[in-house]
Amino acid sequence: MEAYKPKRGEAHLKASPKRIALGNWLREQRNAKGLTMRDMAAISGLPHSYFGKIEQGIRGLDILEFLELCQWLGVDYRSAINQISKL
């Protein structure tokens, strides 16, 4: 079986520094609020694996998903962006 290769022109972002910073931020915020990934799943209606993939740097977020995530965590998106960009 041939190894997976991204399509021409696609950036391979899995575990990129930006995704890792996002995942670290999410983990810190979630832990600070005493929430598990299953708690986040209950709040959001999404599977807990969604949050696990973000925290592992496997999955990124589009802007609308990020805004929802901030809302679920009860954090200001502007301060979240500043925190993530410093990581």
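Student: Leaving aside neighbours within four places in sequence, which residues is E55 in contact with?

Tutor: Happy to start there! In this predicted model, once those neighbours are set aside, E55 touches G23, L26, R27, R30 and M37. One of these partners, R30, also makes a polar contact with E55, side chain to side chain, at 2.6 Å.

Student: Is E55 buried or exposed?

Tutor: The cut-off for buried is under 20% relative accessible area. E55 has a relative accessible area of 6%, so E55 is buried. For the protein, 31% of the 87 residues count as buried.

Student: Where is E55 found?

Tutor: E55 belongs to helix 3. The protein has five helices and zero strands, and from the N terminus its elements read α-α-α-α-α.

Student: How do I read the way helix 2 and helix 3 meet?

Tutor: The general idea is that two packed helices are described by the angle between their axes and the distance between the axes. Here, helix 2 covers residues 37-44 and helix 3 covers residues 48-55; their axes come within 7 Å and cross at roughly 120°. The two helices are therefore oblique to each other. The crossing of helix 2 past helix 3 is right-handed.

Student: Which residues in helix 2 and helix 3 meet?

Tutor: From helix 2 come M37, R38, M40, A41 and S44, and from helix 3 come H48, F51, G52 and E55. Sorted by class, this contact has four nonpolar, three polar and two charged residues.

Key:
Residues are numbered from 1 along each chain as its sequence is written. This is a predicted model: local features need pLDDT of at least 70, side-chain atom pairs count only at pLDDT 80 or more; totals for chains, interfaces and linings use all residues. Side-chain values use heavy atoms; hydrogens and water are left out. Axes are lines fitted to C-alpha atoms, for helices over the stretch in contact, and angles run from 0 to 180 degrees between N-to-C directions. Helices (H or I, at least four residues) and strands (E, at least two) are DSSP runs, numbered from the N terminus. Angles under 35 degrees count as roughly parallel, over 145 as roughly antiparallel, 65 to 115 as roughly perpendicular and the rest as oblique. A crossing is left-handed if the near helix is turned anticlockwise from the far one by less than a right angle, and right-handed if clockwise. Contact means heavy atoms within 4.5 Å. Ala, Val, Leu, Ile, Met, Phe, Trp, Tyr, Cys and Pro count as nonpolar, Asp, Glu, Lys and Arg as charged, and the others, Gly among them, as polar. Buried means under 20% relative accessible area, exposed over 50%, partly exposed in between (1.4 Å probe, protein chains only). A polar contact is a pair of N or O atoms within 3.5 Å; within protein, one must be able to donate a hydrogen and the other to accept it, and residues adjacent in sequence count only if both atoms are side-chain atoms.
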